[in-house]
Amino acid sequence: VEKEASDFLSATTETLEAYAAFAGEEIIADLLRLGEELRGVRFQQVNSTRLGGGVAEMLRSLIPLERALGLDVSWEVITGDLAFFNFTKQLHNFLQGRPGTIDILGVKAYWETNRANYRLLDERADVVLIHDPQPAGLIAFVPPEVRRRQKWLWRCHIQIDKEGCLMVDFLKPLVELYDAAIFSAMSYIPNWQVQSFIILPYIDPLSEKNRELSETEIRQVLDKYGLADPTQKPLILLVSRFDLFKGHWYALEAFKEVRRQKECQLLFVGGTASDDPENERIFAALAEEVKKVPDVCLLNLPPDSHREINALQRAATVILQPSTKEGFGLTVTEGMWKEKPVVATNVGGIPAQIADGYNGFLVAPGEAGIREMAARILYLLEHPVQAQVMGRRARETVRERFLITRGLWDELMLVKNLLR
Ligand code: UDP
């Protein structure tokens, strides 16, 4: 992974120009200008996994582009043991409002891991961008004379449930040490003493996950996994980590209803992220359920299966995202970019992407939304022209608002203003 990381982290201005075809010339010119203004500034990005999940997905595309602009950027990934990642997953679950108990030993593992990982940091960096709660504690170990020279930004990618969340108390004093915090939606901004900004997430239209693919390649991937031709048997797809917030069980229930009325197939594609120890257990439980339902396929793919996921998203007739909590939902964006009608829950960052009935459908989360989800899927299967119109609008929404060029511009403008 490290070798691959160093290979892909080189990009040229040529690749930057290639984005003009999607995003327009103007933003590319703006980015080049910003790059000039920020030349010489040292950036460091820090998160907790190189592969798997939305944060790694964004950084893998963002960093080569920042380098293409001539910026001096490094990317560090903290490492920790199971006790640490169990605790941070628990923290993640609490922050998204799932009840449970706090493991005091986990708090110890959190601080020890953050202390040990501080050695990864480059004290000559001018701007340090920390992603999510796992490495948030690094800031506690910066010597004061270094801290005075640096700007520290904390980027929160999860949906923070501000009500009744014990763990907010854990994070609040930590985040208040930062110069700024960045959230994915207005409604997540907590009432903390830190200047807060919104940057909407984005996808990379030229990445392996999102680039155009040939029909042959798409067919090969379908054949490889024994899936029927979607023109004969519509394919309903959910791509997500095996995580309880992603709503796999609700998708399965909705599918059962749809299948009673129309022949179709359901595909769950997921994987594991090295910073998420719950994946395996949830995958195993889902595998048991899936055995009982015909026409359902469950794939646990390696974390670098970007091209295959791309092919499956392109092959899908309808894409689902039935999350009960969702920081943003890049899988929604990815589906929309591929001109697919997406049926997703009205939670977290999803309504920032889907306008119900216009470029996709929004349904209620949880049990309450199952029937509605089934009805929307059925409608889309029975009205292919309307589904196509929705898909075209979905792509246009992403082109206008959720491409990486806009995300990069937002981030660099923020840095420029903080350095003033
Ligand atoms: N993803 C993947 N393999 C998987 C599951 C997900 O590559 O098995 C990707 C997916 O295509 C998307 C990202 O991981 O780019 C998930 O981002 P999202 O914001 O939807 O959810 P998160 O995992 O960050 O909660």
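Begin by selecting strand 7, residues 235-239, together with strand 8, residues 265-270: the two pair in the parallel sense over five bridges. Within this pairing, select Leu 238 and look across to its bridge partner in strand 8, Phe 268.

Before continuing, note that this is a predicted model. Colour the protein chain by pLDDT: the average is 93, and 95% of the residues score at least 70. The model scores are ipTM 0.99 and pTM 0.92.

Strand 7, helix 11 and strand 8 together form a right-handed β-α-β unit.

Now select strand 10, residues 318-321. Strand 10 runs parallel to strand 7, and two bridges join them. Here Leu 237 is found opposite Ile 319 of strand 10.

Return to strand 7 and display its side chains. Leu 235, Leu 237 and Val 239 point one way, while Ile 236 and Leu 238 point the other way. Are these residues buried or exposed? All are buried. Because five of the five residues of strand 7 are buried, the strand is largely enclosed by the rest of the structure.

Finally, move to helix 15, residues 370-382, and helix 16, residues 384-401. Their axes lie 5 Å apart, and the helices pack at an angle of about 105°; helix 15 is therefore roughly perpendicular to helix 16. To view the contact, select Tyr 379, Leu 380, Leu 381 and Glu 382 in helix 15, which meet Pro 384, Gln 386, Ala 387 and Met 390 in helix 16.

Methods. Residues numbered from 1 in each chain as written. Predicted model: local features only at pLDDT ≥ 70, side-chain atom pairs only at ≥ 80, totals over all residues. Heavy atoms only, no water. pLDDT = per-residue confidence, 0-100. Buried < 20%, exposed > 50% of the residue type's maximum accessible area, 1.4 Å probe, protein only. Helix = DSSP H or I, 4+ residues; strand = E, 2+ residues; numbered from the N terminus. Pairing = 2+ DSSP bridges. Right-handed = clockwise from strand over helix to strand, strands pointing away. Axes fitted to C-alpha atoms, helices over the stretch in contact; angles between N-to-C directions. Parallel < 35°, antiparallel > 145°, perpendicular 65-115°, else oblique. Contact = heavy atoms within 4.5 Å.
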